[in-house]
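Trainee: I have not seen this structure before. Please show me how to read it, one feature at a time.

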Amino acid sequence: MYKAFLIKYGEIGVKGKNRHLFEDALCKQIRLSLKHVDGEFLVTKENGRVYVEALSEYDYEDALEAIQHVFGIVGICPMIQVEDEGFDELAKVVVNHIAETYPDKKITFKVDARRARKNYPLNSMEINMKMGEKILEAFEEQGMKVDVHHPDIFVNIEIRSKINIYSQEIKGIGGMPVGTNGKAMLLLSGGIDSPVAGYMAAKRGVTIDAVYFHAPPYTSERAKQKVVDLARLVSRYTGPIALNVVNFTDIQLYIYEKCPHDELTIIMKRFMYRIAQELAAKSGSLALVTGESIGQVSSQTLQSLAVINEVAVMPVIRPLVSLDKQEIIDISEKIGTYETSIQPFEDCCTTFVAKHPVTKPNLKVIQKSEEKLSEKIDELVKTALETVETIIVE
Amino acid sequence: MQVYFDNSATTRCIPQVREVMDKIYDEDYGNPSSLHMMGVNAEKHVKQAREVLARILKVNEKEILFTSGGTESNNTAIIGCAMANKRSGNHIITSSIEHAAVLEPMKFLEEQGFRVTYLPVDEKGVVDLEALKEAVCEDTILVSVMCVNNEIGTIEPMEEISRIVKEKNSRAYFHVDAIQGFGKLLLYPKRMGIDMLSVSAHKINGPKGVGFLYINEKVKIKPLILGGGQQKGMRSGTDNVPGVAGLAKAAQIAYENFDEKQKYLYELRGRMLAGLSQFDGVRINGVTENGAGTMAAPHIISVSFPNVRSEVLLHALEEKGIYVSAGSACSSNKPSLSKTLLNIKAPKEVIESTVRMSFAVSNTDEEVDYCLTVLKDLIPMLQKYVRK
C-alpha cells in the first residue's frame, strides 16, 4: 500500500551552507541501510526533503526498520503514491486511506495540500477545502471533525509529477548522519559496553572503524566470532565497519613476564591505546572511542583512566563515561547487542587479570615498569601491526 | 596434520554408511507407511535395520525402538517408564555422574512428584553398590545408570547393579545409557539384566539425528511423542528411513572384527597414557588401568596438567591441528564445574585444567605420538603463564 517514505530530518536542517553535505550523507546512509532489504529503492533529495521510493515489491516492515536505524532522521512518513487521475479519484484514495488507517473516527483533522506542480487545476487552498468536504462527507456521521489549529491528524497531499498522500509520522532515531563528523577507531572488546560506545559515537555522525585484540590460544575463535557478530550488529546503525583484528598474545605474554602482575591490565591497555592510535592514523581516524565508564572496573577508576590516557595523543571519546551499568545494559538491549555481548567467552583482558589489580596506579611507577619492556616491545608491536587482519563487516 | 581426538563428542559419518543412506534418499525415498510399492521398499530398510541391531544385542527385533538419538532414547526410557508405572511406586534411582540427558528428565520427574536417589561414586567414578543396596525399596520403579561415563570413560558394573536391583525388587526396571558404550563394548541386555538401553548413531560413525532404545518386551512404558502411530504407537513420526539404515550399517561395521578393534583402541589409549605419564604432575581422572576386563572404556582419557587451563590447552592444541574437548565448560563470567569431576572429588584446579581425548579406530599411533610431541612443547610454555 505505502509506496514511499518522506524522511524528516532534524539538526542537519540548520547547518547552513553545509546543509547539502549533510543531506547527501543522509541519503547515502539510507541507501546503505536499505541494501539489506529485499527490493529496489530510490532515495532522492528535493527542495529540502528526502524521499525513499520503492521501485519494486518490498517488505514494508523491513524497509521501515532499516530506515529507523539511520541516524539523522527524526520522522518517517509512510506515503501512498498515485498517478494523477483527476480529483475525484484522488479523493477516493484519501477517503480509503483514512478509513483503513484510523479505526476510531472520533478525531479531528486538517487537510494540508502542497501544489508543487503548478499546472494542477486546483490550487492548494482549493484542494484543502474540497478534500476536507469529501472527508467530512464520508466520516462526519462517525464523529470526524475539522480543526485547523490543533488537529489530531494532518492529511498531507503533495501534488508533484505523482501525488503523495500521508498522515502518519513514525519517530526516527535522531542524531546526525554517519559520515558528517569524521572517523574514529572503536576499541571493541566483546563485552556489553564497547558496542554501545560505538553506537553512541556514530549517533553524532562519526564513521566507525574498530580494533579487536585477539590472544589465541587464550581467547578462542568463538570469542573472535562474537566480536565480528557484535560489529555486524553495530554496523546496522553505522554502515560498514572495518574491523582490525590484532594478534596481541606475544605482547601480553611479554608484559606478563617482565612487569609486576598487578599492573598487567593497566600496561596492557596502554599498549592497546598505542596500537589503536597507529591503526587510526593509518586509516584517517581522528580519535579513539572506548566503552570506559568511571569506576566500573579497576582499570576504569579515574586514576587508572588518567594513567592509561597518558599515552593518548588523539582525543579519546568515552560516550559511556558517566553512565551506570544498568543504563548501558538498557541501551545495549535497545540496539540489540546485549544477547550477543553476554555470551560467555574469554576476552584478552580477563585471561590474565590479577586477583588484586592496582586501582590507583602511579604514572611514574607504571612508566618505570614499562622500561623493563624496552628490549623487545617495539619489535612485538611492529609485528602485531604488520599482521593485522582487517575484516569488513556489513 | 589434523588429528581428531574428540570422538566422544561425535564422529565422522563414514562413506559406507553414507552410501547406504544416499541410495535410500535417491531411490527408496518412499514413506514406509504408504501402501504402494515405494512404501514397501522403504519399509524393508527399516525392518532390515531392526534385524541387524537385534542380532548385535541378541534381542528380539520387536524390542528396538528408533528415536532421534541418545537424548530422546534416554527421555523415553525414563519419563515413559515413570509415567507408565507410577501406580507401582514413585521412587527412581540414578547415579550422580549421569549425562544431562538423564539428569534433566530426572529433575522433571522430581517436579512431577517422583522421588529420585542420586547414587554417589568413588574416586574412579564407579557407582557405590552399597548405597544402591540401601536405596532400592518397594517403591523403586526404575534404576538408570550409564554404561560408560562420557567424561572420564569409567565402565559401570552393569551386571552387578542389575543383580542387586532385581534381588531387592524384581519389579524395578534397569535402564542403561549406553551412548558412549555401544560399539566399544559387547552389550547383551538380556544376559546382563538390562531392561532398556539407549544408543546414538553419531557416536559410532553413523549419522546425526538418529538412535534407538532397546526396550525389553515386558517393560511397561508410555510413548512421549504422539501422532500418526508409527512404530506401534510407541514413537509417532515418519520413520527416518535413511537414518535408521545408516545407524544399522554403522553398528554392523563397529561390531565386525570387534575384538580386534577393541584391542586396537586399548593400544592407542595405552600408548597415550604411557606418554602422558612422562609429564610432571599430570593426573588421569577416572580409571588409570588399561585393557579389556578393566573398568576403563577403550576410547576415553580424561587428563589434567597442573596450571594449564583446559580451554587454553584446547585452543593451543587446536592451533596444531589437534582437536580435544575441555573437561569442563569454564569461562570468566560463568564458572560451571563438571559434575562428574566434582563427584569423583577432583579438586577445583584439576577440574579447571581437564581435557578429554577420545579415540576412534581411524586414529593412529602416529597421531598419538604427534599429540605427545606437541604437548611436550606446549605444556611447559603454558605453565609459565598462569593467572596470579
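Trainee: What radius of gyration would a compact globule with 388 residues have, and what does chain B have?

Mentor: The radius of gyration is taken over C-alpha atoms, and the globule rule is 2.2 Å times the number of residues to the power 0.38. For 388 residues the rule gives a value near 21 Å, and chain B has 21 Å, so the two agree. The C-alpha atoms of chain B fill a box of roughly 65 × 50 × 40 Å along the principal axes.

Mentor: A word on the source: this is a predicted model, where local features need pLDDT of at least 70, side-chain atom pairs count only at pLDDT 80 or more, and totals for chains, interfaces and linings use all residues. Residues are numbered from 1 along each chain as its sequence is written, while chains are lettered from A and ligands numbered from 1 in the order in which they are written.

Trainee: What percentage of the residues of chain B count as buried?

Mentor: Count C-beta atoms, placed from the backbone, within 10 Å of a residue's own: 20 or more others make it buried, 12 or fewer exposed, and anything in between partly exposed. In chain B, 50% of the 388 residues count as buried.

Trainee: How do I read contacts in chain B?

Mentor: Two residues are in contact if their C-beta atoms, placed from the backbone, lie within 7 Å. Take the contacts in chain B with a separation of 6 or more: 73% of them join residues 24 or more positions apart.

Trainee: How many helices and strands does chain B have?

Mentor: Helices (H or I, at least four residues) and strands (E, at least two) are DSSP runs, numbered from the N terminus. Chain B comes to 13 helices and 13 strands.

Trainee: In what order do the strands of the open sheet in chain B stand?

Mentor: Two strands pair if DSSP finds at least two bridges between them. The open sheet has 7 strands in the order S2-S8-S7-S6-S5-S3-S4 of chain B, with mixed pairing. Neighbouring strands are turned by 20° against each other on average, direction ignored. S2(B) and S8(B) (residues 211–215) pair antiparallel over 4 bridges. There, B:Leu65 stands opposite B:Leu213.

Trainee: Which helix packs on that sheet?

Mentor: For angles, axes are lines fitted to C-alpha atoms, for helices over the stretch in contact, and values run from 0 to 180 degrees between N-to-C directions. Helix H6 of chain B (residues 158–168) packs on the sheet and touches strands S5 (140–146) and S6 (173–177) of chain B. Its direction makes about 160° with that of S6(B).

Trainee: Where does B:Asn257 lie, and is it buried or exposed?

Mentor: B:Asn257 is in the loop between helices H8 (241–254) and H9 (258–276) of chain B. It is exposed because 12 other C-beta atoms lie within 10 Å. Its phi is near 45°, a positive value in a residue other than glycine. B:Lys345 also has a positive phi, near 65°. That residue lies in the loop between helices H11 (339–343) and H12 (348–352) of chain B. B:Lys345 has 11 C-beta neighbours inside 10 Å, so it counts as exposed.

Trainee: Into which domains is chain A divided?

Mentor: Domain bounds come from an automatic or database domain assignment. Chain A has domain 1 (4–173) and domain 2 (183–393). Their C-alpha centres lie 44 Å apart. Across the boundary, 4 residues of domain 1 are in contact with 6 residues of domain 2.

Trainee: How do S5 and S7 of chain A pair?

Mentor: S5 (residues 108–115) and S7 (residues 153–159) of chain A pair in the parallel sense over 7 bridges. A:Val111 stands opposite A:Val155 in S7(A). S7(A) is also joined to S8(A) (residues 163–166), antiparallel, by 4 bridges. A hairpin through 3 residues links S7(A) to S8(A).

Trainee: Which peptide bond is cis, with omega near 0°?

Mentor: The bond from A:Pro216 to A:Pro217 is cis. A:Pro217 is in the loop between strand S11 (207–214) and helix H6 (221–238) of chain A.
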